[in-house]
Amino acid sequence: MRLSRIIMALTVGLAVVAVPTAAGAAQPQPAPSATTDPPQPPPYPPAAASLTVNRPTIFLGETVLLTGTGFGPNETVDISVTVTPLAAPAGGQAPARRSDGSTVAMTPVAYQASAPLNFTAYTNAQGRFTKSYKPSVTGLLTFTATGRESGRTATTELRVLHKKQPLPVTGDSLGTPMKLGGGLVGAGAVMLLLTLAWRRRQRFGGAAH
């Protein structure tokens, strides 16, 4: 009798404990908020700008065409030019040699202008621009273009050399033409003498008949 009462009491206690747990599980869960923003994809990196010249090497006085792409649409692009003197031969390098075998020392090119130089260009709706440029100094020119609104930057280089100079006339270069001219004059004199002798023979031979 006592054992049955103990078992009944344990059964009632377990039922009382299980009722709140079942009630909590039966409660509806809150629905996700409709205002929660969906996850955003990572932003794409900005387009890269580029700057090129139509000719990598020119002579002083010639004009090149700068072309920029990938900048902001309809924006102002600031372009700076940094001038670096052309490198001289390294120490211990053999000097330049003339055609006659003599040598001439190579000296560094003098720095001819302060740098940087500055000017502007304007892009179209596609972020592209073209700009003509005529250097006034020799050396290695580095162009740096920066968009004022987009902040995009690009660089390119141009090598400007001195104008071509005519080759100096030396004694050796004069010797060959003079020798050739003297030979032609001598051959002409021989031909003239032979012609005069032939005419004289024809004249006196006809008179004898």
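**Figure 1. Secondary structure of the chain.** The chain contains two helices and ten strands. The model shown is predicted. Of the 209 residues in the chain, 18% are buried.

**Figure 2. The open sheet β1-β3-β8.** Three strands form an open sheet in the order β1-β3-β8, and their pairing is antiparallel. Strands β1 (50–53) and β8 stand at the edges; each has a single partner strand, so one side of each is left without a neighbour in the sheet. On average, neighbouring strands of this sheet are turned by 20 degrees against each other, direction ignored. Strand β3 covers residues 64–69 and is joined to β1 by four bridges, the two running antiparallel. In the bridge between T52 and T67, the residue contributed by β3 is T67. Strands of a sheet pair through backbone hydrogen bonds, either parallel or antiparallel.

Figure 3. Strand β4 spans residues 76–84 and strand β9 spans residues 139–147. These two strands pair in the antiparallel sense over eight bridges. V77 has G147 of β9 as its bridge partner. Strand β9 also pairs with strand β10 (residues 153–161), in the antiparallel sense and over eight bridges. Here A145 is bridged to A154, which belongs to β10.

**Figure 4. The hairpin of β9 and β10.** Strands β9 and β10 form a hairpin, with five residues between them. G151 is in the turn and has a positive phi of about 75 degrees.

Figure 5. A pair of aromatic rings is described by the distance of the centres and the angle of the planes. The count of aromatic pairs comes to three. One of them is the stacked pair of F119 and Y133, at 5.1 Å centre to centre with 20 degrees between the planes. This pair links distant parts of the chain: F119 lies in strand β7 (residues 117–122) and Y133 in strand β8 (residues 129–133), 14 residues apart. Both F119 and Y133 are buried. Y133 also forms an edge-to-face pair with F143, at 5.2 Å centre to centre with 90 degrees between the planes. Again distant parts of the chain are linked, since Y133 is in strand β8 and F143 in strand β9, ten residues apart.

**Figure 6. Burial of Y133 and F143.** Y133 has a relative accessibility of 12% and therefore counts as buried, the cut-off being under 20%. F143 has a relative accessibility of 0% and so counts as buried by that cut-off.

**Figure 7. A nonpolar surface patch at L192, L193 and L196.** L192, L193 and L196 form a nonpolar patch on the surface. Together the three residues have about 320 Å² of accessible area. L192 is found in helix α2, which covers residues 171–208. The relative accessible area of L192 is 53%, so this residue is exposed, the cut-off being over 50%.

Note on methods:
Residues numbered from 1 in each chain as written. Predicted model: local features only at pLDDT ≥ 70, side-chain atom pairs only at ≥ 80, totals over all residues. Heavy atoms only, no water. Pairing = 2+ DSSP bridges. Patch = residues over 30% accessible without salt bridge, like charges linked within 9 Å, V, L, I, M, F, W, Y side chains within 5 Å. Areas by Shrake-Rupley, 256 points an atom, 1.4 Å probe, with all protein chains shown as cover. Salt bridge = Lys/Arg side-chain N within 4 Å of Asp/Glu carboxyl O. Buried < 20%, exposed > 50% of the residue type's maximum accessible area, 1.4 Å probe, protein only. Phe/Tyr/Trp six-rings, centres within 6.5 Å; stacked < 30°, edge-to-face > 60°. Axes fitted to C-alpha atoms, helices over the stretch in contact; angles between N-to-C directions.
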